Amino acid sequence: MEDRKSGRPAASATVLVGTQFGDEGKGKLVDYLSDKYDIVVRYQGGANAGHTICFDNKTVVLHLIPSGIFNKDCICVIGNGVVIDPNALLEEIKKVEDLGYDVRGRLFISHNAHLIMPYHKRLDSLSETALSDNKIGTTGRGIGPSYEDKFARSGIRVVDLLNPQVLEEKLRENIAAKNKLFKNIYDKEELDVDAMVREYAEFDKIIDPFVTNTQLYLNRQIKAGKTILLEGAQGCLLDVDHGTYPFVTSSNPTSGGACTGSGVAPNHIDKVIGVVKAYTTRVGNGDFPTELNDEVGEALGRIGHEFGATTGRKRRCGWIDLVALRYSLIISGVTEVALTKLDVLDTFEEIKVCTSYMLDGKEIHDFPTEHQTLSRVTPVYKTLKGWMASNSGAKSFAEMHENARNYVTFLEEALDVPVTFISVGPGRDETVFK
Ligand code: GDP
Ligand code: IMO
Ligand code: MG
């Protein structure tokens with residue numbers, strides 16, 4: 001299959017990852033790219049994600065369904081690595097169908113994906129409350145507790161929804177265990193097992209048409225010459241292994257997670273697109289060396305409309321951080337960068353770029369991932385000239401303002417990875433191919 005936008009042959013599988021703290025504009029990029037892939041797959045996370053797509057004067061936020069769904073020729077798969085709240089999924093299917101997009105025969109859900117149950121959401125909120133001053137600032141969607149059950153080998157999976165007897169058995173076991181926690185640890189009322197058994201039995205027939213062995217399906221499609229785009233949620237610095245632990249999510253957004261979360265083996269992947277926002281944002285708690293608690297940070301948030309797409313929380317803002325990005329790009333093996341929200345910098349006379357950190361009087365270039373060190377670094381900045389102009393009309397890199405091109409080239413050289421897409425607005429057509 002020809003890569004129509006770049007002219008290069010498309011890889012059988014491409015991974016697209018967030019390289020910062022999430023919300024880099026992955027949804028926009030996946031929607032934009034989906035017309036040259038046959039299948040788009042979400043591989044981790046759950047409805048904690050909020051991927052925004054703007055098209056036909058509409059703005060739609062997707063939480064679980066892959067961002068290729070508004071391309072009618074694209075098949076969408078929710079992989080085994082995702083944790084699914086069945087109620088959230090049905091709500092989202094309805095939202096997409098109400099917009100005139102049929103999902104039957106175009107949306108497949110892994111039989112091995114784990115479920116998020118009401119007790120996971122409740123535990124998410126109770127454990128956050130218990131952390132008092134050290135809250136993670138989770139999205140409250142039950143993500144951590146669901147992955148806990150997965151790794152404790154007691155979780156309930158999508159396939160279990162299709163077998164009422166097994167479902168009832170597992171629900172009774174799980175709820176008995178959780179009720180002990182609610183009653184004895186948190187001093188809360190217990191959940192009504194029978195009501196939940198009745199409620200979840202209803203999902204059987206509704207969800208059945210979507211459920212399949214997506215691992216085998218994807219590998220058969222690869223063999224048949226189809227191309228796959230693996231859509232990451234969150235970002236590298238929120239990765240449970242590689243991020244700013246413990247202020248992370250409970251999955252692997254980095255490119256390695258794309259293999260375990262989909263069943264697509266590494267040898268099928270020959271391209272990793274890293275989505276980089278032209279500045280940095282973070283929602284929730286945790287270290288953020290370039291955070292700006294001043295009018296510049298305020299301006300970035302105001303111009304960039306930096307409010308969480310899932311929870312509506314105000315995002316913390318700061319300049320771009322090349323120390324963190326160099327690390328993220330290495331961990332995910334990023335082969336090309338998609339730079340987003342460059343337009344948000346259009347009105348800044350000067351733009352700062354963090355090139356190293358100071359730690360105990362010494363300059364360091366490597367990103368420390370332990371809180372005790374990261375919380376003590378201060379950023380070292382290089383100041384670049386702003387462009388004080390809009391690039392929204394630019395059809396090519398050459399048509400962009402010289403200072404904007406200098407900014408992009410500076411990032412490219414510092415990161416040692418080519419920038420191939422530059423996004424200058426939320427719409428599909430506000431994308432410059434470099
Ligand atoms: P995601 O989680 O990575 O998909 O990103 P979000 O959807 O949470 O946040 C990105 C926000 O920026 C959304 O509101 C997008 O519509 C918007 N956006 C994406 N690309 C651009 C861009 O290049 N310029 C501007 N101004 N907004 C963008
Ligand atoms: P997308 O895919 C930004 C953050 C939360 C919190 C931490 C853990 O839209 O980029 P969780 O609910 O996952 O246990 O919360 O991770 N977080 C995100 N931040 N974008 C996201 O997704 C996020 N998903 C989770 O704010 O700090
Ligand atoms: Mg988001």
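Trainee: Why is glutamate 298 called partly exposed?

Mentor: Glutamate 298 has a relative accessible area of 42%. Buried means under 20%, exposed over 50% and partly exposed in between, with a 1.4 Å probe and protein chains only, so 42% puts glutamate 298 in the middle class. This is a predicted model, in which local features need pLDDT of at least 70 and side-chain atom pairs count only at pLDDT 80 or more, while totals for chains, interfaces and linings use all residues. Residues are numbered from 1 along each chain as its sequence is written, chains are lettered from A and ligands numbered from 1 in the order in which they are written, and side-chain values use heavy atoms, without hydrogens and water.

Trainee: What makes lysine 314 exposed?

Mentor: Its relative accessibility is 51%, and lysine 314 therefore falls in the exposed class.

Trainee: How do you know that lysine 314 and glutamate 298 form a salt bridge?

Mentor: Their N to O distance is 3.1 Å. A salt bridge is a side-chain nitrogen of Lys or Arg within 4 Å of a carboxyl oxygen of Asp or Glu, so the pair qualifies. Glutamate 298 is in helix H10 (295-303) and lysine 314 in the loop between H10 and strand E13 (316-318), so the bridge ties together parts 16 residues apart in sequence. Helices (H or I, at least four residues) and strands (E, at least two) are DSSP runs, numbered from the N terminus.

Trainee: How many salt bridges does the structure hold?

Mentor: The count is 18. One of them joins aspartate 31 to arginine 428, with the closest N and O atoms 2.6 Å apart.

Trainee: Why is that pair said to tie together parts that are 397 residues apart in sequence?

Mentor: Because aspartate 31 lies in helix H1 (residues 26-33), whereas arginine 428 lies in the loop between strand E19 (419-423) and strand E20 (431-433). Aspartate 31 is buried at 5% relative accessible area, and arginine 428 is partly exposed at 30%.

Trainee: What makes E19 mostly covered?

Mentor: Five of its five residues are buried.
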